[in-house]
Amino acid sequence: MTEEKPIVREAPRSAAEKLASGHFMTRQDFTELLAGFQDPRITELLAGEAVRVRKKYYGTKVFTRGLIEFTNYCKNNCYYCGIRGANRSAVRYRLTKKEILECCREGYWLGFRTFVLQGGEDPFYTDERMADLVREIKGAYPDCALTLSVGERSYESYRLLREAGADRYLLRHETADREHYRLLHPEPLTLDNRKRCLMDLKALGYQTGAGMMVGSPGQTRETLVEDLLFLQELRPQMVGMGPFIPHHDTCFAKEPAGSVELTLYLLAIVRLLLPRVLLPATTALGTLDPLGREKGLAVGANVVMPNLSPRRNRKNYDLYDNKICTGEEAAEGFRNLRCRIAAAGYELVMERGDYLEEETKG
């Protein structure tokens, strides 16, 4: 069976063709590419090529991750986040080790082979406690991948957690523009430290995930260019990217939500920029659009993250308003989610779904 050829066969004449052909992208290229948003010819080209590339490396597989939101305590005060430390209206919770292991047990029984521990930057979870938790989970489920998403830590902390058995780490950079970063985050949080964390994670051998909010307050075409340039430099194995959704207890409560259409456009770009990337169709996308996940798959996404957290806690992990917390995004609705994904032409699979490393030339 001969491999399907890309649409672009001649020398690229535009930034979209250049991206689709796998060329290195310059700042000017990304600027031109973003200027083409809403041009149906460019949108169709990028979406078609993104699906072709995703199928080249991963076929029609959509990988599942069992999400466990284990604490909503956070020491930080990011201006966009509903669980920011200064939000006194947040109903706080912290799962016990026993409860976390029970989530894993249920997930394993359902067939999940990747667990994602996600939480705020909770001071209770010292390096020692986190490492002990990682060892417990990996000891009980050695055939499973374990992803952590617990924010900025020191190199030594990341090293300890890696040695304890953590396989992957998600840390969205949110924005790669310094002024925009300052608009979204108070001191002492800095873009330089966020980038340092991501570089440390890659150096330690984690499958590393970055990503940004689409349509966050103050975001411009120029800041998105910085994001794409940074992703091209970092070359993360995962990119988590969804539309900004405001939360009523933040200073951005009255800001408009991000665009689903622009998020889809950027998902296609990221798939072509990083052909082997593990790219989720995020909960935020599904929150703004009932068909958001299917639309994400149609532009190159290949990961979904059903929620394994206890039902009683899901609404309290309240990053933004109207977050979908029950139904198909949760593990209980898994059969229906599988049917919807099959109807879209894809296959929901339960394997670890590791990043496909590039072949090395000997």
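Which residues does Q232 touch, not counting residues up to four places away in sequence? Q232 touches F24, M25, F30 and L273, where contact means heavy atoms within 4.5 Å. This is a predicted model, in which local features need pLDDT of at least 70 and side-chain atom pairs count only at pLDDT 80 or more, while totals for chains, interfaces and linings use all residues. Residues are numbered from 1 along each chain as its sequence is written, and side-chain values use heavy atoms, with hydrogens and water left out.

**Q232**

- Q232 sits in helix α9, residues 221-234; helices (H or I, at least four residues) and strands (E, at least two) are DSSP runs, numbered from the N terminus.
- With a relative accessible area of 10%, Q232 is buried; buried means under 20% relative accessible area, exposed over 50%, and partly exposed in between, with a 1.4 Å probe and protein chains only.
- From Q232 to T26 the C-alpha to C-alpha distance is 9.8 Å, although 206 residues separate the two in sequence.

**Helix α3**

- Helix α3 covers residues 40-58, which is 19 residues, and its span from first to last C-alpha is 26 Å, close to the 27 Å expected at 1.5 Å a residue. The expected span is 1.5 Å times one less than the number of residues.
- The buried residues in α3 are L45, L46, A47, E49, A50, V51, R52, V53, R54 and Y58.
- The elements covering these buried residues include α1 (15-20), α2 (27-35), β1 (61-64), α10 (260-273) and α12 (292-297).
- At the start of α3, the backbone nitrogen of R41 has a side-chain oxygen of D39 within 3.0 Å.
- G59 follows α3 and has a positive phi, near 60 degrees.

**Helix packing**

- Two packed helices are described by the angle between their axes and the distance between the axes. Axes are lines fitted to C-alpha atoms, for helices over the stretch in contact, and angles run from 0 to 180 degrees between N-to-C directions.
- Helices α5 (residues 127-140) and α6 (residues 155-164) pack at about 20 degrees, with their axes 8 Å apart. The two are therefore roughly parallel to each other, a label for angles under 35 degrees, with over 145 counted as roughly antiparallel, 65 to 115 as roughly perpendicular and the rest as oblique.
- D127, M130, A131, V134 and R135 of α5 make the contact with S157, L160, L161 and A164 of α6.
- For α2 and α10 the packing angle is about 145 degrees and the axes are 11 Å apart.
- On the α2 side the contact is made by F30, L33 and L34, and on the α10 side by Y265, L266, I269 and L273.

**D200**

- D200 lies in helix α8, residues 191-203, and counts as buried at 13% relative accessibility.
- The side chains of D200 and R196 are joined by a polar contact of 2.8 Å. A polar contact is a pair of N or O atoms within 3.5 Å; within protein, one must be able to donate a hydrogen and the other to accept it, and residues adjacent in sequence count only if both atoms are side-chain atoms.
- Not counting residues up to four places away in sequence, D200 touches Y155 and Y158.

**M241 and T282**

- M241 is in the loop between β8 (238-239) and β9 (242-243), and is buried with a relative accessible area of 0%.
- Leaving aside neighbours within four places in sequence, M241 contacts R172, M212, V214, T263, L266, L267, V270 and T282.
- T282 is in the loop between α10 and α11 (283-288) and is buried, at a relative accessible area of 16%.
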